[in-house]
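Trainee: I would like to understand how the words used for a structure follow from its numbers. Could we go through one together, a step at a time?

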Amino acid sequence: MSIETNTGEILKNSGTFLASLIILPPLTIGILRKTKARFQNRIGAPLLQPFFDLAKLLQKNETVSEHASWLFRIAPCINLTVMLLLSLLIPWTSLTAIPHGIISADLFLIIYLLGLARFFTVLAALDTGSAFGGFGASREVTLALLVEPAVMLCLACLGVRAGTSDLSQVFSYEATRLTGQYGLWFLAGCGLFLSSLVELSRMPADDPTTHLELTMVHEAMILENSAANLALAEIGHYIKVALLLGLSWQCFMHCLPSHLLSDWTARAIASTGGIISLALFIALIESLAVKLRWTKLPEFIAYAVAMAIFSYLIALSV
Amino acid sequence: MAPPNCILLYGLACLAWTIGVAFTIIADLLKTKLSNRLALALTAGGALSAGMGAIGNYQAGIPVNFTALKHFGLTTLSFTGDNLAIPFILLLTLVALASTLSTRDLIDSTHNKEGHRFQSNHYYRLILLLLLGTLLVLLSANAITFLVFWEVMSVAAASLITSEHVRHRAQRAALAYITASRLATALLTGAFLWMYHQSGTFDFASWQFQSNSTFPAALLILLAVCIKAGIWPAHGYLPQSYAEAPGPAAALISGVIGKTAIYLLLRLLVLGNCQHSWVIYIALALGTISCIWGILFALVERDLKRLLAFSSVENMGLIIIAISLSMLARKEGLPVIAAIAVTGTLFHAFNHGVFKSLLMLAASTIDKKAHTRDLAQLGGLAKRLPWTMLAFFIGSVAICALPPSNGFASKWLIYQAFFRMAIESVPLHDRAISLAMLGILSFVGALSLACYTKAIGIAFLGRPRSKQAQFTPETGLSGSAMALVILSAICVFLGTSAGICLRAITPALAELNGSGIDAANLFPVAVAQLSLFGLITASIIYLCILGPRSTGMKTYITWDCGYGPLSARAEETGSSFSHPIGRIFSQVLQLKVETNITGRDRRHFPEGIKVETRMTPFIETTVYKRFIEMVNFSSLTLTRLQTGSIHVHLLYLFLTMIVLVYLGTVL
């Protein structure tokens, strides 16, 4: 594909992209929390509370455990960097942040960059020698290894049907070999959504609002982080939420009739609305469902794997 | 550079090592100790000259042929240095230099743990023999030459494992290693004889594996390679032997010796264009099982070196998978996929050699300093061994195949080969296998991430779990730390500039694949640009957000829930870290946890808590044990034949002769 020459187009694309990258992740979390509060008959914190929290955290002085090594302060920086890189690579909105042909959004690169972020997060959790961090780290790697094959298979099936491992081409809105494969898109989307519930430490897998660290995954891992360090870890996590929800929403968006999404604005609105509606859906799940017992989680993840296997069968058969 | 120079350099390497061996024998006869410096200089000099030979040989166009050095029974002792051997010789050079550099720090030349005198002459002799054998294995041009040096290599490796022969574990490990290498040699000899029967020559270059009649030989070669490389179910000897060998030797054995088996598979089956689907699918199946099996056992392992050895089982499985995929692709007539898979194989074999020897040396450093490799005793080493920590960290990033390391580049190639195979219009079962392999490989990748976060997190982070881990910190950059830093720099270099390194592999690829594909074009991921961008972003984030706050930073205790100071016993241990995963796969691992709580009101106020985890590896306890019992039983039965009476033995001779004469007349 040729590099787009239209400067105005590029400016519009990257401007919108930058705005959505800055606003959307914390806003998604804000909406999620607000909806949950309303379900519980509370007023809840304002929608923009995550922004306020981050601003407050960035001004505070940090406390670091005496047992921590250099990894502890490096890890959130690397984590955030990887998430920023991924936001450029993963097609989580209908926009293309970087013009085609400069850097290919390779599927395996994306999966392993997610792995790199996890590697640092887990090590930072183990670094302080806290029992909670260790628990969280151990659970994180366990969940990751159960979810990873599902994510890989869902994306690989789409890639195999499209004939390329470049996700920006797989998810492009031009006519590809995947156009009209509604079943495959839907199943892959379901598989990715269920997997991201686990990867993002949301409800059936992990309760992010509990006050019992023994039961937590993500919150237990960042228990020792404070101030700017915590803010960086949280921003990284917010971006990850937006990226993974956006990716699964893009799958669902390809199931919609294509004439609805023919122009740029419609797609941009649909992408944004999709991420927010998935956040609302998660809030609904979290209000109605309970956190599963740790030993029951593999059964839940089996649904995601089953979706991946169904899309595997479709990808092979067509 | 002209080919004769390479002959000279290879010859020089052999000469240096042979002189070294001779010196150690003379020193033994004179009852003195060979000076460390001289022995190390000879080792390093030989390695350097072998490496320079390989570089000179590189793209020499024609294979360098050292023909007919001497008549050797059935055939001439002939060598050839072609492009395929070069990556492996370079790996040998690199690992040999690193292990030489760290020898003085890791080998206690006066006394070992049990207070027995360390026999340095013996040690150097074996290391030199090991290097000599390996180099000549890589240069062998025919089967007989290959077998001779293969034996030299195996025997030297087995003897190195017994360096601390007073330990029972070392004895058992050496026995297991010997058994495995014997089996491999026996299978190889059978295969070579079969091929001699088919082709009438022992020359590797003229062996082709297309026709049906070569199937038994191909299968035997595959099995022998699997045994030597430690593929499931013959992986049992690997953890024992790697753990018992002295540090620098363990780096060589784990980094290079296993790769000679891979080299043999490439030289014979891939160069010989093997088309037997059974061989291909058996290789694929065994490789896949050993991937999963190896990393699962690595994950629950407590001993750091055994953990690394089990992870070798996984990586060897990965390499075997890639080789079988390349054979499959070539059989289906897809040269590009075959090229990707072969490049992945070569690059991963090289990379694994580099980072596995790096990790092995780091584990030996820990062993040397803390006198234990048990993860439950370690902890907090990041403050005591900062350089080792850094190197181990980079090595782990590489072995988990995370970008921007070299492991990512080679694993990406293997993924990409399977991905393209699933796109092509090949038979449905091949596409199904390829697509499923993507899922399996990502699962294995996630397991290895869990395994290495455990290794770093438990050994280096947190706080010390025992007195042994509270030794005095390392000061400055010692020899072994230098070797580690160099190896980790190579890991990063190979990863970020994978294009350049792959271009260097291109001649070997051209030889294996016969196509003019430039290997650098097979890896289009812009790792260098991405890592540069990432580095800049991360530095900006650090300097702008965390940096200014460093002055107001407060150091405080780890949060203790208000219960007062935590002891190291409250920390996560290696076993508890891997326990959730161990429980999910308890059927494979046969993991049992017994908890015993004592005390009057034992639930709320326990007086004593005892938790014991037990793991009975399925293969070892059922298959191997039965097999060993069978061998013991049959040898006990057979001893009855050996009466010790000369008359009976003469009778045996006579009977054998009659049988042979009869066979000669009939056949």
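**From values to words**

Mentor: From the N terminus on, the elements of chain A run α-α-β-α-α-α-α-α-α-α-α-α, and please keep in mind throughout that this is a predicted model. In total the secondary structure of chain A comes to eleven helices and one strand.

Trainee: What makes chain A agree with a compact globule?

Mentor: We set its radius of gyration against a rule, 2.2 Å times the number of residues to the power 0.38. For 318 residues a compact globule would have a radius near 20 Å, and chain A has 19 Å, so the value agrees with the rule. Its C-alpha atoms fill a box of roughly 55 × 45 × 40 Å along the principal axes, and 60% of the 318 residues of chain A count as buried.

Trainee: Why is chain B called as compact as a globular protein of its length?

Mentor: Chain B has 23 helices and seven strands. The globule rule gives 26 Å for its 667 residues, and the radius of gyration of chain B is 26 Å, so chain B is described as compact in that sense. The C-alpha trace of chain B spans about 90 × 65 × 60 Å along its principal axes, while 53% of its 667 residues count as buried.

Trainee: What makes strand β7 of chain B hardly covered?

Mentor: A buried residue needs 20 or more other C-beta atoms within 10 Å of its own, and among the eight residues of β7 (residues 608-615) of chain B the count of buried residues is zero.

Trainee: How do you know that strand β6 of chain B is joined to β7(B)?

Mentor: Two strands pair if at least two bridges are found between them, and eight bridges join β6 (residues 591-598) of chain B to β7(B), with the two running antiparallel. As one example from this pairing, B:Ile597 has B:Ile609 in β7(B) as its bridge partner.

Trainee: How do you know that β1(A) pairs with strand β5 of chain B?

Mentor: The requirement is again at least two bridges, and β1(A) and β5 (residues 554-556) of chain B have three, in the parallel sense. Within this pairing, the bridge partner of A:Ser65 in β5(B) is B:Tyr556.

Trainee: How many residues of chain A are in contact with chain B, and which element supplies the largest share?

Mentor: A contact requires C-beta atoms within 7 Å, and by that test 64 residues of chain A are in contact with 64 residues of chain B. On the side of chain A that touches chain B, the largest share, 17 residues, comes from α5(A). By class, that side of chain A has 37 nonpolar, 18 polar and nine charged residues.

Trainee: What does the UniProt record list for chain A under "transmembrane region"?

Mentor: An unreviewed UniProt entry lists several spans under that name, including residues 141-162 and 241-262 of chain A. In the model, residues 141-162 of chain A are 100% helix and 0% strand, with end C-alpha atoms 31 Å apart, whereas residues 241-262 of chain A are 59% helix and 0% strand, with end C-alpha atoms 27 Å apart.

Terms used:
Residues numbered from 1 in each chain as written. Chains lettered and ligands numbered in written order. Predicted model: local features only at pLDDT ≥ 70, side-chain atom pairs only at ≥ 80, totals over all residues. Buried ≥ 20, exposed ≤ 12 C-beta atoms within 10 Å, placed from the backbone. Helix = DSSP H or I, 4+ residues; strand = E, 2+ residues; numbered from the N terminus. Contact = placed C-beta atoms within 7 Å. Nonpolar A, V, L, I, M, F, W, Y, C, P; charged D, E, K, R; others polar. UniProt positions renumbered as here; feature names shortened; annotations may be inferred.
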